[in-house]
Amino acid sequence: MADLYVTWDDYHHAIERLAAKIRDSGWHFNQIVCIARGGLRVGDTLSRIFSLPLAIISTQSYAGEAGRQRGALAVAEHMTMTTPTLGDRVLLTDDLVDSGITLNVVQRHLRERYPAIVDLRTAVLWYKARSTCRPDFHAHYLPENPWIHQPFEPYERMSVQDLCGRAADTLAHPAGNAEAR
């Protein structure tokens, strides 16, 4: 299968579809934990939709050219949260499950560190067939395992100097700007 290119509209619709599937399941949870970086936007949006507290755990495994090289998985020692304790019915979110390694490791990590968790379920936007971990909820199932190009990827290849140069160019040539008319 060819690579999958996702627009911001596609991305937001996938989160909305995921939220509807979670709601339709009838499952009640009291905490959302997102895996940053990829699951940060997913967790933040679901936290707003369900009006539940968000906790953030950071991981890193991809690096190299265009972020396509898998390295050793690093999981943050601590989690960021605004509640004094983690909820006991937790929805763990990420953007996608590819191999399943990250989702499996983080689930194990949370269960070991937070024994008060009685129910932990997972939710992702894209679930690839090759994954060793089947998420409880997903917006899209991808049987052909494409590489997914997400709308925020341009920022991974952009330096702050590039961004400032682009902003300066926009100010110098305000096409479509009402003040320039």
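1. Tyr114 sits in the loop between helix 3 and strand 7 (119-128). The model is a predicted one, and the remarks below should be read as describing that prediction. Tyr114 counts as partly exposed, because its relative accessibility is 22% and the buried class requires a value under 20%.

2. Which residues does Tyr114 touch, not counting those up to four places away in sequence? They are Met79, Met81 and Leu86. For Leu86, the C-alpha atom is separated from that of Tyr114 by 7.5 Å, although the two residues are 28 apart along the chain.

3. Thr102 belongs to helix 3, which covers residues 101-113. Is Thr102 buried or exposed? Its relative accessible area is 14%, so Thr102 is buried, the limit for that class being under 20%. Leaving aside neighbours within four places in sequence, Thr102 has contacts with Ile35, Thr59, Ser61, Leu73 and Asp94.

4. On charged pairs, a search of the whole structure gives 7 salt bridges. Side chains of opposite charge can pair when their charged atoms come close. The points that follow take up some of these pairs.

5. Arg113 and Glu77 form a salt bridge in which the closest N and O atoms are 2.7 Å apart. Arg113 is in helix 3, while Glu77 is in the loop between strand 4 (69-75) and strand 5 (80-81), so this pair ties together parts that lie 36 residues apart in sequence. Arg113 is partly exposed, with a relative accessible area of 39%. Glu77 is also partly exposed, at 46% relative accessibility; the exposed class would need a value over 50%.

6. Asp24 and Arg23 have side chains that meet in a salt bridge, at 2.4 Å from N to O. What is the exposure class of Asp24 and Arg23? Both residues are exposed.

7. A salt bridge also joins the side chains of Arg89 and Asp88, with an N to O distance of 3.1 Å. Arg89 has a relative accessible area of 30% and is therefore partly exposed. Asp88 is partly exposed as well, at 27%.

Definitions and conventions
Residues numbered from 1 in each chain as written. Predicted model: local features only at pLDDT ≥ 70, side-chain atom pairs only at ≥ 80, totals over all residues. Heavy atoms only, no water. Helix = DSSP H or I, 4+ residues; strand = E, 2+ residues; numbered from the N terminus. Buried < 20%, exposed > 50% of the residue type's maximum accessible area, 1.4 Å probe, protein only. Contact = heavy atoms within 4.5 Å. Salt bridge = Lys/Arg side-chain N within 4 Å of Asp/Glu carboxyl O.
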